[in-house]
Amino acid sequence: MYSHSTKIRVRYGETDQMGYMYYGNYAQYYEVGRVEMLRSLGMSYSSMEADGIMMPVLELKCKYIKPALYDQEITVKTIIKTLPGIRIFFEYELYNEKEELINIGATTLVFVDMKKNKPTNPPENFMQKLSVFFN
């Protein structure tokens, strides 16, 4: 298993009239979690795309437990529980400043060869970096 945490502060423009973060913004926080997790492994989406691999989202699940509020610093914990194949599964836990669990989610992404526009195996360098956390 591999997990990584990053922090994001809820901005005014991300909230509704009640000061709650708008529900559609949670998917963007998940994306920040994924991007920062890749960066923690010494990878990036842009480097994968430069190597001809993209990772579109196939599925998104999101469960709201408590609201994220304007100006709160939210911790986004991103977890990979199984080594990826053609698909990669991410789980997310969002915590408020009191370390209360406020949201859980999951996404399924697929590795796609950009030239063939077909699913493919994950890049070898990504698997090498990730596999050390699963032995």
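Leaving aside residues up to four places away in sequence, Ser3 touches Met37, Lys77, Thr78 and Ile79. Please keep in mind that this is a predicted model.

Where does Ser3 sit? Its place is in strand E1. And is Ser3 buried, partly exposed or exposed? Its relative accessibility is 33%, so Ser3 counts as partly exposed. Now look at Ser40: it lies 37 residues from Ser3 along the chain, and the C-alpha atoms of the two are separated by 9.9 Å.

Next, let's move to helix H3, which runs over residues 124-131. Which of its residues are buried? They are Phe126, Met127 and Leu130. These three cover an arc of only 95 degrees around the axis, so they lie on the same side of H3. Here is the general idea: an α-helix has 3.6 residues a turn, so residues three or four places apart point the same way.

What covers the buried residues of H3? The cover includes strands E1, E4 and E5, along with helices H1 and H2.

Let's stay with Phe126 for a moment. Not counting residues up to four places away in sequence, Phe126 touches Leu38, Leu41, Met43, Met48, Pro84, Ile88 and Phe111.

That brings us to the largest nonpolar core, which has 29 residues. Phe126 is among those with the most contacts inside this core, and so are Tyr29, Met55, Ile74, Ile88, Phe90 and Leu94. At least two residues of the core come from each of E1, H1, H2, E4, E5, E6 and H3. Which element gives the most? That is H1, with five residues.

Methods. Residues are numbered from 1 along each chain as its sequence is written. This is a predicted model: local features need pLDDT of at least 70, side-chain atom pairs count only at pLDDT 80 or more; totals for chains, interfaces and linings use all residues. Side-chain values use heavy atoms; hydrogens and water are left out. Buried means under 20% relative accessible area, exposed over 50%, partly exposed in between (1.4 Å probe, protein chains only). Helices (H or I, at least four residues) and strands (E, at least two) are DSSP runs, numbered from the N terminus. The arc is that of the directions from the helix axis to the C-beta atoms. Contact means heavy atoms within 4.5 Å. A nonpolar core is a set of buried Ala, Val, Leu, Ile, Met, Phe, Trp, Tyr and Cys residues joined through side-chain atoms within 4.5 Å.
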